[in-house]
Every structure is written in structure tokens, then in C-alpha cells.
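I opened the model to look up its helices, its aromatic rings and its nonpolar core. My entries follow in the order in which I made them.

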Amino acid sequence: MDVYARPANNSVLKEKAADSKDENEILPPDHLNGVKMEMDGHLNKEFHQEVFLGKEMEEFEEDSEPRRNRKKLMVIFSKVDINNDKKISAKEMQRWIMEKTDEHFQEAVEENKMHFRAVDPDGDGHVSWDEYKIKFLASKGFNEKEIAEKIKNNEELKIDEETQEVLDNLKDRWYQADNPPPDLLLTEEEFLSFLHPEHSRGMLQFMVKEIIRDLDQDGDKKLTLSEFISLPVGTVENQQAQDIDDDWVKDRRKEFQEVIDANHDGIVTMEELEEYMDPMNEHNALNEARQMIAVADENQNHHLELEEILKYSEYFTGSKLMDYARNVHEEF
């Protein structure tokens, strides 16, 4: 298993149990499936697997039995290969990536219905900022009735600095999700944008601004290569940590130069980053398809054969398939 212990990455939070069910339901997720960059500006290390497996990703995580995984991968191969010519083209892979990305979105829509009910107990179809704030603070251990009473009477809330900072950030995001004319009431659709900014053009722009703000060192609202690969503050404790830092810089340099900086002028603008992060961008999906094929295309025919996908299964699924070659012909 690869180690991404440093630099610090908020995306690892998705691997930890939520502090509480309530908090998990109403807080925007740290990690967004099928989006190339995390909310904290780190690259999404599982992006290839997310857009190749879609909802089936969890099955590969839970079931590590190689023979069963191999069979599942063979079924996926046959689904991607829509013209049944026993190889996958970039166009076929692009179509598949778009389909799997939409799968993640539909999953988010379904989850949002449940999350919205949690913050809209009276079922009137909209949630005020104060209603949300009460639920959020209750999930943090505050007494819900006491908080509600204090907010109603405009009394001061005694909140620790860290929680207040999270609340301030959430309020900025709430304003952005509130479509004109602003009323600080979110409908179910607006609440989806609040939780999942990747599927709303306005919220995607907000997300990009936040990422650039965090990485931009000279305040010009653009990113240079040095700003993008600059390591977070921290001390290198040993050689392993140094190697992780080196890999982190190498990965980000490659992504900046080859993918994000579309016109190769050494500067990434908000527009370029927005295009890069848009999960439903068909041009991105085609580029991603070509990249994924190139990784495993051993015979250099610009297509993927089944043997190639099985051999590079760890890249596509996160699972290694042992003795893939020995079994491939007898099973397919």
C-alpha cells in the first residue's frame, strides 16, 4: 500500500470513521469522488479508480480475493468494449469515464435527499442558515435546544476558535450556494451544491478560488509551478518522509506541466483550474482516457487489451491480481 503520510492531506479523512453520524450527514465531504483535486488542493490519488470503477469501487476495496476481482475486471472490460473487438479505444474509455462520473453524481443526489431531511425536519423544502448552524453545532456536542434559544434571542454563543473558523467557512459556502435572489434559505437542489460544489458551475468557481487562495503566494490569483509544488510547512523527519515529499513534488510538477496548464505558458489561471476540475468536461475525459490507456498499453497500439488491464489492475482498481497471465485464457 502506498503511503501518503506527508504532506498532510485532508482527503485521508474519508478513510476514518466520522466523528458522529449527524456531523457526517450535514458537513460537506472532504473528498469528492471523480474530481481530480481535493478541496485542500492535493491531487486525488484515487481518481483513476473512481472514474474506472464508479460505484463498484467499494466492492474491490472490500473483496480482495484475486480470482473474484479478476472476474469482475473482465466483466468491466466487456462493458467498456462496446463494439466487442476485444480492445478498448480512447473513445470507448471516454464514454465509460463519463458514465462512471455520472454514477458518482447520481449517488450524491440520492445521499443529499437524506442529508437534506436531516437539516429540514419540518419538511418545508428549505433550510435557513440558522437552522443549519444549530444542527452543525449540535453535531459538535453543543446542546441543540440551548443553541436554538440563544440564536433566537440573538445572544452570544460561546464557541471555540476552531469551530468558529469552520462555521465562517461554511457560511461563505452557504452564501455561494444560495442562488439569486439571495434569501439565505437553501432548497434541496441548492443544498446539493453546498455539499457537492463539483456539479454546480458557480460553486465549482468558488471551490477553485478557495484552492488558488490557499496556494497563491504572491496574491495575483494565478498559480506558478513553484507555488503549485511548494510543500506544506512541516519538518522532514526521516528518509521515508523525504521520499514521500519528493514523490509529492514530482507528481504535482507532472500534473501542472502536462495537464492543468493547458496552454503551457507556465501559469495556471482560474479558468484553467476550473476546466481541469470540472468532472463532466468531455475533453478532460478523453485526455484521461488516453492517459489511462498509455499507462498499460504495452504493445503501443493505442488500445487496451484484456491482458494489459489485468496486468495493470492495481492502477485501475487499486487491487493487485496475482498470476493474472496464468488464468486469463482459461477464464475469458
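**Aromatic rings**

I looked up Trp 174 and found a relative accessible area of 0%, so Trp 174 is buried (buried means under 20% relative accessible area, exposed over 50%, partly exposed in between, with a 1.4 Å probe and protein chains only). Tyr 132 also counts as buried, because its relative accessibility is 0%.

Before going on I noted the basis: this is a predicted model, local features need pLDDT of at least 70, side-chain atom pairs count only at pLDDT 80 or more, and totals for chains, interfaces and linings use all residues. Residues are numbered from 1 along each chain as its sequence is written, and side-chain values use heavy atoms, with hydrogens and water left out.

I then listed ring pairs (rings of Phe, Tyr and Trp, the last by its six-membered ring, with centres within 6.5 Å; planes under 30 degrees apart are stacked, over 60 edge-to-face, the rest tilted). The count comes to twelve aromatic pairs. Tyr 132 and Trp 174 form a tilted pair, 5.0 Å centre to centre with 35° between the planes. This pair links distant parts of the chain, since Tyr 132 sits in helix α6 (residues 129–139) and Trp 174 in helix α8 (residues 161–177), 42 residues apart. Helices here are DSSP runs of H or I with at least four residues, strands are runs of E with at least two, and both are numbered from the N terminus. Ring pairs join Phe 116, Trp 129, Tyr 132, Trp 174, Phe 191 and Phe 194 into a cluster.

I checked for charges over rings (NZ of Lys or CZ of Arg within 6 Å of the ring centre and within 35 degrees of the ring normal). Arg 173 lies over the face of Phe 194, 5.9 Å from the ring centre. Arg 252 lies over the face of Phe 228 at 4.0 Å.

**Helix α12**

I took α12 next, as Arg 252 is one of its buried residues. Down the axis of α12 the buried residues fall within an arc of 135°, so they line one face of the helix (the arc is that of directions from the axis to the C-beta atoms). I found exposed Gln 239 and Lys 250 on the face turned away from the buried side. The buried residues pack against α10, β3, α11, β4 and α13 (contact means heavy atoms within 4.5 Å).

**Nonpolar core**

Which residues touch the most other members of the largest nonpolar core? I found Phe 52, Met 93, Leu 304, Ile 309 and Phe 316, in a core of 29 residues (buried Ala, Val, Leu, Ile, Met, Phe, Trp, Tyr and Cys joined through side-chain atoms within 4.5 Å). The largest share, six residues, comes from α14. Leaving out residues up to four places away in sequence, Leu 304 has contacts including Phe 77, Met 93, Ile 293 and Phe 316.

I also looked up Leu 306, which lies in helix α15 (residues 306–311). Leu 306 counts as buried because its relative accessibility is 3%. Leu 306 and Asp 81 are 225 residues apart in sequence but 10.0 Å apart in space, C-alpha to C-alpha.

**Whole chain**

I logged 17 helices and four strands. Of the 332 residues, 44% count as buried.
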